Amino acid sequence: MVSRVRVWLNRTYAENVFFMDQLRRNPSDRAVEIHATHGDPDSPVLAAADTAELEPENLSPAGYVEYALDQCGRRGIDVFVPRLHQSAIVAHRAEFEAAGTAVLAPPPEAVAVFHDKVIAYEAVQAIGVPVPPWYRVRSEDELVAAVEELEAGGHKPCFKPASGAGGVGFRVITRTPFSLMHLSGFPSPYVPLDLVLEALRQAEEPVDWLVMPRLEQPEVSVDCLTGPDNRVRLAVGRTKNGRRRGFTLHEQWLDPARRIAEGFGLHYLSNIQFRMFGDRPVLMDVNTRPAGGLHQLSLCGVNAPWAAVQLALGEDPGEVIPPFLGQDYTVVSGPRPLRPVSLPQQRPETTEPLPAVPAPPSAQPVDSVGAAAQVLPL
């Protein structure tokens, strides 16, 4: 009998409940047991897991590596999918391998390149991938100079942290004075320049921002699966234009994504994002982890999480080609179960393989956060 596969997701996004669902519904009909840890006892990933623990707070990166190695040993983890402290963990890959755990993440050199967006932009430019104009800003004077130069070119300036994930810290600069307009309706990413400058004057330490023109839609996120041999097994673009979402296999998006994934060794799952600058696609961001929306590829008949786990286990799935492209869709929020108590409970340990598709939990509290979203056709 084929043994079950034990997968651990550490402190991760709520959307990865769908990642876990896909692992269980894998086309190999392999039994998968999922361990999850998080700092928030009400994270839906804890309820979705077979076993779960609260993570200790305030661990240094080195301390977290020790904690992770202990988890892998005690839990018999076959594949570890790290998000928190990914850089420190991949630097100790050999120790995890010695414990019998494959780390589903790129090598440390690749993670380091894309941790800093300035280093990333310089690196991808060197291999011929276009990027937008950008300025690294650490002071009030540098911000004013960058904004004025972008505005002189007819662009709308925006900024985001030079390091960080997702859209955290993204703002669009406006010359419109602060007024009740900014306090009506939903919060907006637009922020008046004078308020930003005043905040910089009062700051006790310099910022580290990337200032660039606001890029236009569509936004295309290319999900890539790359083997340790640096060969891409899967590349599919997910398009976003307002509420409408869809899929693309157009080479104007896939070719630069493959060049980045193969050229920098973005092993296993990565997400490479593009937007339009004028009439051409340019790189926006590179994530060295599975995207929160990766599960949406199931609308194309693809189970990317399972293919990645197969690669990590040394079972090459070969080239993964979508049998079709799903229709356009949108994303809406939906309920997910939460643990009934604040301290995560455990399913009893068993030596028997778990079912590939476990029964859904019942009579549990639910969380309706937008992050745990369902997809609906348009």
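Trp8, Tyr64, Tyr67, Phe80 and Phe96 form one aromatic cluster. Rings of Phe, Tyr and Trp (its six-membered ring) count as a pair if their centres lie within 6.5 Å. The model is predicted, so local features need pLDDT of at least 70, side-chain atom pairs count only at pLDDT 80 or more, and totals for chains, interfaces and linings use all residues. Residues are numbered from 1 along each chain as its sequence is written, and side-chain values use heavy atoms, with hydrogens and water left out.

Nine aromatic pairs are present in the structure. A pair of aromatic rings is described by the distance of the centres and the angle of the planes. Planes under 30 degrees apart count as stacked, those over 60 as edge-to-face, and the rest as tilted. The pair of phenylalanine 114 and phenylalanine 264 is edge-to-face, because the ring centres are 5.3 Å apart and the planes stand at 85 degrees. Phenylalanine 114 belongs to helix H6 (residues 108-115), and phenylalanine 264 to the loop between helix H10 (251-263) and strand E14 (268-277). The pair therefore ties together parts that are 150 residues apart in sequence. Helices (H or I, at least four residues) and strands (E, at least two) are DSSP runs, numbered from the N terminus. Both phenylalanine 114 and phenylalanine 264 are buried. Buried means under 20% relative accessible area, exposed over 50%, and partly exposed in between (1.4 Å probe, protein chains only).

Phenylalanine 247 and tyrosine 329 make a stacked pair, because their ring centres are 5.3 Å apart and their planes lie at 25 degrees. Phenylalanine 247 is in strand E13 (residues 244-248) and tyrosine 329 in strand E16 (residues 329-333), so this pair links parts 82 residues apart in sequence. Both phenylalanine 247 and tyrosine 329 are buried.

The charged end of arginine 83 sits over the tyrosine 13 ring, 4.9 Å from its centre. The criterion is NZ of Lys or CZ of Arg within 6 Å of the ring centre and within 35 degrees of the ring normal.

Phenylalanine 178 lies in the loop between strand E8 (171-174) and strand E9 (190-192). Its relative accessible area is 47%, so phenylalanine 178 is partly exposed.

A search of the whole structure finds zero disulfides (cysteine sulfur pairs within 2.5 Å). For cysteine 224, the nearest cysteine sulfur is that of cysteine 300, 14 Å away. This separation is too far for a bond. Cysteine 224 is buried, with a relative accessible area of 1%. Cysteine 300 is also buried, at 1%.

Most residues other than glycine have a negative phi, and most peptide bonds are trans. The peptide bond from glutamine 217 to proline 218 is cis, with omega near 10 degrees. Proline 218 is in strand E11 (residues 216-226). Aspartate 29 has a positive phi of about 55 degrees. Aspartate 29 lies in the loop between helix H1 (16-24) and strand E2 (32-38), and is exposed at 62% relative accessible area. Asparagine 230 has a positive phi of about 70 degrees. Asparagine 230 lies in the loop between E11 and strand E12 (232-241), and is partly exposed at 32% relative accessibility.
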